[in-house]
Amino acid sequence: VAQAAQDSGEPLSMAAWLEALDAHFISSVPKAAGEDPAGHWQICTTYTCGLWTLFHTVLVGATDEHRGGPLVGEALPRIRGFV
């Protein structure tokens, strides 16, 4: 949807963007998690666990470079910058 709007030169409407988001999901996470994530974020119960999970997610995401995230070589400096 975003690419089509960019290619056409027309602005992407909020309604079209929300419709596109509603049509997709991540893994087995239900749509309700995007609207109210509190009941779906049960991985960690402490700050340190959440922090390590964040770092792990950044590093795993960096290996998936084609999605526009940070490059592998940028992930560790970004984590260091966060700390």
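A salt bridge means a side-chain nitrogen of Lys or Arg within 4 Å of a carboxyl oxygen of Asp or Glu, and areas come from the Shrake-Rupley method with a 1.4 Å probe, with only the protein chains shown as cover for residues.

The model is predicted: local features need pLDDT of at least 70 and side-chain atom pairs 80 or more, while totals for chains, interfaces and linings use all residues. Residues are numbered from 1 along each chain as its sequence is written, and side-chain values use heavy atoms, without hydrogens and water.

V1 sits in the segment before α1 (2-8) and is exposed, at 53% relative accessible area. L21 belongs to helix α2 (residues 14-22) and is partly exposed, at 43%. Exposed means over 50%, buried under 20%, and partly exposed in between (1.4 Å probe, protein chains only).

Now step back to the whole chain. It has five helices and zero strands; these are DSSP runs numbered from the N terminus, helices being H or I of at least four residues and strands E of at least two. Of its 83 residues, 12% count as buried. The chain exposes about 7000 Å², with carbon and sulfur atoms supplying 63% of it.
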